[in-house]
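Please take a moment to look over the sequence and the model together before reading on.

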Amino acid sequence: MATVIEKVKPAYKSRLVDRMTGLGRDIVKHRVSYAFLAPYALIFITFTVIPVIISIYLSFTYYNILEPPKFQGLQNYIKLFLGDDIFLVAVKNTFVLAAITGPIGYLASLMFAWFINELPPKVRAFLILIFYAPSISGNVYMIWTVMFSGDSYGYMNSTLMKLGIIYEPIQWLTDPKYMLTVIMIVVLWMSLGTGFLAFVAGLQGIDRSQYEAGIVDGIKNRWQELWYITLPNMKPMLMFGAVMSITSSFAISDVTIALAGMPSVDYAAHTVVNHLIDYGSTRFEMGYASAIATVLFITMIGCNKIVQNLLRKVGR
Amino acid sequence: MKKRKFRRIRTRRLNRSLGGDIFNLVIITIFGIFMVLPLIYAIMQAFKPLDEIYMFPPRFYVVNPTLDNFTDLFLLMAQSWVPFTRYIFNTLFITAVGTLGHVVIASMAAFVLEKHKFPGSKAFFTMVVISLMFSAAVTAIPNYLTMAKLGFLDTYLSLVVPAFGYSLGLFLMKQFMVTIPDSLLESARMDGAGEFRTFWRIAMPCVKPGWLTLIIFCFQSLWGQTGSTFIYSEELKTLPYALNQILLGGFARAGAGAAAILLIMIVPIVLFMATESSVIQTMATSGIKE
């Protein structure tokens, strides 16, 4: 069809038709590419794109799952920012958690991956296992509740009391003064995850001859080598790691529920995702929960933009 | 590259100072201990008799190690309504099929997105990366409706098929495909290899560290699936679900619970050890070269 029109070339052919046939021709020309993409695209669109679009639509409605959604414009967003004090607390906590655990976790992943890469293979394998194990082993972070338990049975309390640093057990998980700090420690403990492993794999893929070439070009120490050769070579993994640490640090929720409970005392450890789960799964206000998700989504995209721009400067 | 003539120089120790090496070791040791202590604690707990678990003041290490917790756990398992092996089979099946499907399908898509330029490829990839940032907690409801329409509810399909389309794998594989030199693929095509052959025989071996890493990620997330949202039949439920039930058993079951935690923790770690050594072996011998 497309080729026939091409041959005849009628003078009256409009721009749009031109475009459409162009598109048709493109699809035929790239049919192999589309065939490779098709299975993934089909599943991805069904189970990710469509649900996301539906959620964004629901954020403009009142929807309690039982009745059909009622459109109500920006009502949810107005309530979120002007009428919901707990949401603002959650935003503050989430930003504090993300701003501290995100960058530290990312840099720690990179630093340890790089340090470990210097060691002989056997030691390297062992250390990768040790550093990666906390994030692979399911909900082992429950162990930390025992460590920071508020009575003198807790390891932290009993150790500090034995050393004479404190005389009364500290309520690590219920005192708003300490909650966020404890959660940060646990999150950082688990932060050598996806990004870390991608860095390890990326470091091992760098062609050795580039380092030799670097020496000829006058690279003197390991820091210069890192900046001018290693990092530019693993830029794709750096981008990947950045997205991973943004998504995980803004979405902290399981750890706060396990350690501080839901809701936590004074909402001192309440995060945006906790708030979302509260409205979505406890109160069944799906429209409102969707609005929270959409706000979080937009924040994360913005954050990602900034980080990707920073990463472009690597190696310059 | 002009500088190739210097290839024979031993590279490992170039640009390294002794002071820096010692600094590295010190840092790694300190943080290594911080990382590993809670895990050792989890192992200790599993071997403690009940009176040591509830001892005051608490003691980190175990004095009279016992296997009682594991026998308790297996006794509890034997009492379960559905044979316990069924839970194990369910989890293994979901994990194996989901991981395999995801690695192949996502790699194929990543290959064309990186190595073929076609209309829509950039936009599609951007969409995948952005989708990573949407909370899964809210997409659960629309997903539930889709599953109901497709008849996936209460079948293995509800856990396996969405796993094929995870965003993570496509993103990771595409980042690794960047490192394959185009000339390598071009020469394969020149030799008359079809596109699928080029992908399977040339591209995939080049990014072996990539898909081995992906297997680990994928295994990890599927292994932890409780499947409680989409599956109601007891005989289709997964191992983490069954073990969580035991964990909820309270004080008397603290021992069996500790054993259950250890069991859930140890399997991904063992798999990781197995895959890891092969990642390191392949990479020690060959980088990707033009």
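B:D154 is found in the loop between α6 and α7 of chain B, where helices (H or I, at least four residues) and strands (E, at least two) are DSSP runs numbered from the N terminus. The phi angle of B:D154 is near 60°, a positive value in a residue other than glycine. B:D154 counts as partly exposed because it has 15 C-beta neighbours inside 10 Å; a residue is buried if 20 or more other C-beta atoms lie within 10 Å of its own, exposed if 12 or fewer, and partly exposed in between, with C-beta atoms placed from the backbone.

Before going further, please keep in mind that this is a predicted model, in which local features need pLDDT of at least 70 and side-chain atom pairs count only at pLDDT 80 or more, while totals for chains, interfaces and linings use all residues. Residues are numbered from 1 along each chain as its sequence is written, and chains are lettered from A and ligands numbered from 1 in the order in which they are written.

A:F284 lies in the loop between α15 (272-282) and α16 (286-311) of chain A, and it has a positive phi of about 55° although it is not a glycine. A:F284 is partly exposed, because 14 other C-beta atoms lie within 10 Å.

Other residues of chain A are found in helices. A:F87 has its place in helix α5 (residues 85-117) of chain A, and it is buried because 23 other C-beta atoms lie within 10 Å. Leaving out residues up to four places away in sequence, A:F87 touches A:L80 and A:H275, where two residues are in contact if their C-beta atoms, placed from the backbone, lie within 7 Å. A:F87 and A:I27 are 60 residues apart in sequence, and their C-alpha atoms are 47 Å apart in space.

A:I229, in turn, is found in helix α12 (residues 222-233) of chain A, and it counts as buried because it has 21 C-beta neighbours inside 10 Å. Its contacts, not counting residues up to four places away in sequence, are with A:Q210, A:Y211 and A:G214.

What does the secondary structure of chain B come to? It comes to 13 helices and zero strands. Buried residues make up 38% of the 290 residues in chain B, and of the contacts in chain B with a separation of 6 or more, 73% are between residues 24 or more positions apart.

The two chains meet where 85 residues of chain B are in contact with 83 residues of chain A. α13(B) gives the most to the side of chain B that touches chain A, with 13 residues. The residues of this side divide into 57 nonpolar, 21 polar and seven charged, where Ala, Val, Leu, Ile, Met, Phe, Trp, Tyr, Cys and Pro count as nonpolar, Asp, Glu, Lys and Arg as charged, and the others, Gly among them, as polar.

In the largest nonpolar core, which has 145 residues, A:Y40, A:L276, A:I292, B:A109 and B:M173 touch the most other members; such a core is a set of buried Ala, Val, Leu, Ile, Met, Phe, Trp, Tyr and Cys residues joined through C-beta atoms within 7 Å. Not counting residues up to four places away in sequence, B:A109 touches A:F36, A:L37, A:Y40, A:A41 and B:L170.

Finally, consider the confidence of the prediction. Chain A averages a pLDDT of 84, and 94% of the residues score at least 70, where pLDDT is the predictor's confidence in each residue, from 0 to 100. The mean pLDDT of chain B is 80, and 88% of its residues reach 70 or more. Over residues 284-290 of chain B the pLDDT is below 50. Where pLDDT is low, the predicted coordinates should not be read in detail. For the complex, the predictor gives an ipTM of 0.81 and a pTM of 0.82.
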